[in-house]
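Please look through the sequence and the model below before reading on. The paragraphs that follow lead from one part of the chain to the next.

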Amino acid sequence: MELGLFWLVGFVVHILAASAKTLNYEWNITWVSANPDGLQERPVIGINGQWPLPVLDFTLGDRVIAKVYNALGNQSSSIHWHGFFQNGTTHMDGAPSITQCDIAPGSTFVYNFTVDQTGTYWYHSHSRGQYPDGLRQALVIRGPDEPYSGQYDEERVITLSEWYHDPMPTLLKQFISVTNPTGAEPVPKSALMNDTQNLTVAVESGKTYLFRLVNVAAFASQYFWIEDHTMRIVEVDGVWTEPAETSMIYITAAQRYSFLVTMKNDTSKNYAMVGSMDTDLFDTLPPTLNYNVTGWLVYDNQAEKSAPANISSFDPYDDFGLVPVDGEKLLDDPDYTVTLDLTMDNLGDGANYAFFNGITYVMPKVPTLYTALTTGSAATNSTVYGYNTQAFILDKGDIIDLVLNNDDTGKHPFHLHGHNFQVVVRSDENAGHYDANNSPALPSVPMRRDTIYVKPAGHFVIRFRADNPGVWIFHCHIEWHMDAGLAVVLIEAPLDLQKTLTIPEDHWQACDASDTLKEGNAAGNTKDFYDLTGANVSVPPLPAGFTARGIVALVFSCIAAVLGLISIVWYGMAPITVKESPADERREVGSNSSSSSS
Amino acid sequence: MVNVFAVQVFFIVFRECLEAAIILSVLLSFLKQSLGQPHQDQSIYKRLVRQVWAGSMVGILCCLIIGGAFIGVFYGLGHDIWSKAEKLWEGIFYLIATIIITVMGLALLRINKTKEQWRVKIAKALVDKGKNQTKSKWLSGWARRYAMFLLPFVTTMREGVEAVVFVGGVSLGYPATAFPLPVLTGMLTGLTCGYLIYRGGNAMSIQIFLIASTCVLYLIAAGMFSKSIWDLQYYRYQMAVGSDVAEQGSGPGSYNIRETVWHVNCCNAETDNGWDVFNSILGWENTGTYGSIISYNAYWIFIILCVGYMLWEERSGKRSLRERILVVFAKVPGLKWYASPKLAAMQQNPEDIVREVHSGLFNEEGAEQQQVVELK
């Protein structure tokens, strides 16, 4: 039965492939100047001199060939196709140090893959901390057999994001710094909707629209609502769902929601749609910060666009309850469970880092995919990928449970490359660690998506089948946390990769251009794969308690105090050898008075 | 603990009360020796003794009122301003307190010497009054009539206000609740001690007690000096970090790792019970910084050098440091009023003045004595 379905899908894809086209993109990544929030002009990263970036339209079965030339001059770059399975093309995933080398300034890299999924996605730089500077945009894939085709008249894409005024390298330097021991993330300067503010979306009364909402942010989740309009959620992260009505959506960085809205028949009024950044995430809330961004559904261009009304509380839809249209059942019990305990802590340089199981992610010298391809049979041993990549080797076809326990008090949106996953458990706040023996029954048709957030001091469990050979990073999609090391690497069927994958020449050239090693273990050792001498490792931990110098200092202080006290006692005990001692005086006075009485 | 008992305050009050008690005892000794003899008029003697007590009491009362007002105004107006940059002010206040304690502390060991100085001071004041036949005969007469009231009144009030200013300077960082208890106990201990000295009890045990309290005082001072540096560094760190680092408790992020010599994730003087006592007496911090440790050691070395110098000075009979400092102060316009009289008192031969008092003060009653002195 399953095999039959597989053949059927294969047949459909084949038919589509015949009609599918090849999309050729020639992209120059360049600096552009922009002022999207009207507060400050700043350099942003554009494509071919354009910013905001183009919203891409793909069709199921298309071949995408994107030739990316890095013309930034001062920064490396990359393009990650967020949410793409990249089955068979893990090397096109676009994550530097994981599946490719960074594209150095002046070099070119070609992404070449076919599109075999539909829904709402986005593309962004995956180079360290780069995409909040502008290199991110929504991407839509349409297919012929979508469950809601025909049920709406038009589509609108809406992106949300926070916006900073300082360039990311500057902010990152301040963020991971001894002067930021609490790991307080830089607070954005404003929020954007479609990379602008006061967006107007012309709508016609009575029509039904499919809105594709994408949070292309690097940090802030947003509450989104449209005044007096009900949203019917029909898609999350590329997974079509049974319609779910709500008046508010909570969308974290990197998540997507599609929803249907049927317009009113009355055209006299325009309606505000509001994105409101989740200020729980911010350590401080500057009084000048407007954490809301407003747009309007414009029925009548002449009518007033009134400011949105204040709301008393946020009551968003709980995405855990969504049901995929395809009805994919809960996968079997896991063959392998990866448990990750999330903590934030300071290391020896005084800066704050993020940890899974006490290990903070540090990029290896050799991109992990290349290590998997060049270490032979040792590729199935996680040691060769380096201590600080925290690699997990997954066997092909296994059912994997990934348990994430959040020992931090913040919300974290997690993204797994190369998969969408069943969300089988997500706890409330402060639920503590996941306990398999003491948890609610798992949903029979779990919601699937590729980015899921964990609640403060809570946990989630996601389940997926390791059916996609490749190297996939699992990381927090808050870019600050990602750069602070909140990531692990999952390596699926490395020996299969060695047999099937051929890395194109331009990918190797990118490594040469960026002086990155191309083979061997994480340390670049091509002889002894288990010798990781020289591998990139994290800063050593802070010494706790008394070290040698502390003891010496304390002992010296004690000695100084004791000597000081001795000197005081000595002084106090010393006879007072002044010219006239009080004793003499008393005697004299005494004699004086006695003589007077005589 | 620290919120209800500021140890520094206790010691300052103790010290000032001891001094006041000594003044009183000196005055009473004077009276006793001059007028209190069996053959003399007991009514005059008793009247004068009453005057002394009344004068001291009124003086103390006045200074308590002034002090209360001072501290009340201070907490009413100033505290909010300072709480905003708490660590900066704390650092500065601790520095002031350290200097005050350091300057006055060692004198506690020479309290007998102080007693002597006071004898001279009082005698001199009496002599001056006797000499200056001022413009108004009435005033002069009044002043003389009530000399035994005015003298203790003026001196206790002056010393008392000094104490208030010192207490204020030392304890600016404390909440108002930290005052009453140490002030009360400090007064009691000081007066008891003064009484014991007056009674001429066991000189040795009093001396040991004084030594012990001086030791504690200097432990506190060293700790405060170290803490003052610590606070200033911490303030700078707070500025750099920008957020409220105190919220971080004791763990990473609560301290500047670049200046840390040791750090233990516990025993935080600000948050953990018991350690605040350790902190206020010995200057303990769960983070030892280079600045605080070096300053702590340097402070003790400085004290050792000072003590060495003072011992040498006493033994060699050279002009004392205090005198030298006063000489310098006397040349500074703003400080002249303070330094000159003290210097004058110091440079006068105490023997002479005391004798002069005995001869000149109570001339009606003391004619007999005067003769005796002259005979001698």
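In what order do the four strands of the open sheet in chain A lie? In this predicted model, the strands of the open sheet follow the order 2-1-4-6, and their pairing is mixed. Strand 2 (42–47) and strand 6 (108–114) of chain A form the edges, each of them pairing on one side only, and neighbouring strands of the sheet are turned against each other by 20° on average, direction ignored. Strand 4 (residues 63–70) of chain A runs antiparallel to strand 6 and is joined to it by seven bridges; A:Tyr69 stands opposite A:Thr108 of strand 6.

Salt bridges are the next topic. Side chains of opposite charge can pair when their charged atoms come close. Over all chains, a search of the whole structure finds 25 salt bridges, and one of the pairs is formed by the side chains of A:Asp278 and A:Lys411, with an N to O distance of 2.6 Å. Because A:Asp278 lies in the loop between strand 18 (271–277) and strand 19 (292–298) of chain A, while A:Lys411 lies in the loop between strand 23 (399–406) and strand 24 (412–416), this pair ties together parts that are 133 residues apart in sequence. A:Asp278 counts as buried at 1% relative accessibility, and A:Lys411 counts as buried at 14%.

A salt bridge also joins the side chains of A:Arg426 and A:Asp319 (2.5 Å, N to O), linking strand 25 (residues 421–426) of chain A to the loop between strand 19 and strand 20 (336–346), 107 residues apart. Both A:Arg426 and A:Asp319 are buried, and both belong to a network of salt bridges whose members include A:Asp237, A:Arg256 and A:Arg449. For A:Arg448 and A:Glu328, the closest N and O atoms of the salt bridge are 3.8 Å apart; A:Arg448 is buried at 8% relative accessibility, whereas A:Glu328 is partly exposed at 32%.

Further along chain A, the "transmembrane region" annotation of an unreviewed UniProt entry covers residues 550–571. In the model this span is 100% helix and 0% strand, and its end C-alpha atoms lie 31 Å apart. A nonpolar surface patch of about 590 Å² is made by residues including A:Phe546, A:Ile559 and A:Leu563. Of these, A:Leu563 has its place in helix 7 (residues 548–573) of chain A and is partly exposed, with a relative accessible area of 46%.

Terms used. Residues numbered from 1 in each chain as written. Chains lettered and ligands numbered in written order. Predicted model: local features only at pLDDT ≥ 70, side-chain atom pairs only at ≥ 80, totals over all residues. Heavy atoms only, no water. Pairing = 2+ DSSP bridges. Helix = DSSP H or I, 4+ residues; strand = E, 2+ residues; numbered from the N terminus. Axes fitted to C-alpha atoms, helices over the stretch in contact; angles between N-to-C directions. Patch = residues over 30% accessible without salt bridge, like charges linked within 9 Å, V, L, I, M, F, W, Y side chains within 5 Å. Areas by Shrake-Rupley, 256 points an atom, 1.4 Å probe, with all protein chains shown as cover. Salt bridge = Lys/Arg side-chain N within 4 Å of Asp/Glu carboxyl O. Buried < 20%, exposed > 50% of the residue type's maximum accessible area, 1.4 Å probe, protein only. UniProt positions renumbered as here; feature names shortened; annotations may be inferred.
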